[in-house]
Amino acid sequence: MAESDWDTVTVLRKKGPTAAQAKSKQAITAAQRRGEDVETTKKWSAGQNKQHLVTKNTAKLDRETEELHHDRVTLEVGKVIQQGRQERGLTQKDLATKINEKPQVIADYETGKAIPNNQVMGKIERAIGLKLRGKDIGQPLEAKPKKK
């Protein structure tokens, strides 16, 4: 080995500019001075708060005159739930515990404030034994034969 080997410096890797540095104004002007091809694009509404922009859908909703709301449980269904519950001697809390729901859910269904959920309606139907959906609301629930 020659003594001059110790004097040479070997660069294994030279780091280029990071993404942020490559996109900076200085890096772009330096590349343009060197005569390199530089492509820049401006993103539309980049960095703006988009929640305040008016879109077609917003304007359409503003022109809408109809009052939009979710369908609620009818008072007829609420009365059927209340009567069926009382016939079985259950409180709202007892019925809620029986169907694994909160007592407030039963209260909402009885007052007609709840948005109907078929799973909850089915649980209540089975618990009180009365139909709550379809044409024959309030009729006894027919016991279906169990599958083997």
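Me: Is Arg85 buried or exposed in this model?
Reply: Keep in mind that this is a predicted model. Arg85 is found in helix H4. The cut-off for buried is under 20% relative accessible area. Arg85 has a relative accessible area of 8%, so Arg85 is buried.

Me: Which side chain does Arg85 join in a polar contact?
Reply: Leaving aside neighbours within four places in sequence, Arg85 is in contact with Leu90, Thr91, Gln92, Leu95, Glu110 and Ile128. From that list, the side chain joined to Arg85 by a polar contact of 2.6 Å is the one of Glu110.

Me: At what angle do the axes of H4 and H6 cross?
Reply: H4 covers residues 75–87 and H6 covers residues 103–111. Their axes come within 6 Å of each other. The pair counts as oblique, and the crossing angle is roughly 125 degrees.

Me: How many charged residues are in the contact of H4 with H6?
Reply: H4 brings Leu75, Gly78, Ile81, Gln82 and Arg85, while H6 brings Tyr109, Glu110 and Thr111. Sorted by class, that contact has 3 nonpolar and 3 polar residues. The charged residues number 2.

Me: Is Ile106 buried or exposed?
Reply: Ile106 sits in helix H6. Not counting residues up to four places away in sequence, Ile106 touches Gln92, Leu95, Ala96, Ile99 and Ile124. Its relative accessible area is 0%, so Ile106 is buried.

Me: How far apart in space are Ile106 and Gln82, C-alpha to C-alpha?
Reply: Gln82 belongs to the H4 side of the contact with H6, and Ile106 is in H6. Along the sequence the two are 24 residues apart. In space, C-alpha to C-alpha, the distance is 9.1 Å.

Me: Why are H6 and H7 called roughly perpendicular?
Reply: The axes of H6 and H7 come within 12 Å. Angles of 65 to 115 degrees count as roughly perpendicular. H6 and H7 are therefore roughly perpendicular to each other, with axes that cross at roughly 90 degrees.

Me: How many nonpolar residues make up the contact of H6 with H7?
Reply: From H6 come Val105, Ile106 and Tyr109, and from H7 come Val120, Met121 and Ile124. By class, this contact has no polar and no charged residues. The nonpolar count is 6.

Me: What covers the buried residues of H7?
Reply: Buried residues in H7 are Val120, Met121, Gly122, Ile124, Glu125, Ala127 and Ile128. As for H6, its contact with H7 uses Val120, Met121 and Ile124 on the H7 side. The cover over the buried residues of H7 includes H4, H5 and H6.

Me: Which backbone nitrogen does the side chain of Glu125 reach?
Reply: Glu125 is found in helix H7, residues 118–128. At 8% relative accessibility, Glu125 counts as buried. Not counting residues up to four places away, Glu125 touches Leu130, Lys131, Leu132, Arg133 and Leu141. At 2.8 Å, the side chain of Glu125 reaches the backbone nitrogen of Leu132.

Me: Which residue caps the N-terminal end of H7?
Reply: Look for a side-chain oxygen that lies 3.0 Å from the backbone nitrogen of Gln119. The capping residue that supplies this oxygen is Asn117.

Me: And just after H7, which residue takes a positive phi?
Reply: The helix runs over residues 118–128. Just after H7 there is a phi of about 75 degrees, and the residue that takes it is Gly129.

Me: What phi does Asn100 have?
Reply: Asn100 is in the loop between helix H5 (92–98) and H6. At 67% relative accessibility, Asn100 counts as exposed. Asn100 is not a glycine, yet its phi is positive, at about 60 degrees.

Terms used. Residues are numbered from 1 along each chain as its sequence is written. This is a predicted model: local features need pLDDT of at least 70, side-chain atom pairs count only at pLDDT 80 or more; totals for chains, interfaces and linings use all residues. Side-chain values use heavy atoms; hydrogens and water are left out. Axes are lines fitted to C-alpha atoms, for helices over the stretch in contact, and angles run from 0 to 180 degrees between N-to-C directions. Helices (H or I, at least four residues) and strands (E, at least two) are DSSP runs, numbered from the N terminus. Angles under 35 degrees count as roughly parallel, over 145 as roughly antiparallel, 65 to 115 as roughly perpendicular and the rest as oblique. Contact means heavy atoms within 4.5 Å. Ala, Val, Leu, Ile, Met, Phe, Trp, Tyr, Cys and Pro count as nonpolar, Asp, Glu, Lys and Arg as charged, and the others, Gly among them, as polar. Buried means under 20% relative accessible area, exposed over 50%, partly exposed in between (1.4 Å probe, protein chains only). A polar contact is a pair of N or O atoms within 3.5 Å; within protein, one must be able to donate a hydrogen and the other to accept it, and residues adjacent in sequence count only if both atoms are side-chain atoms.
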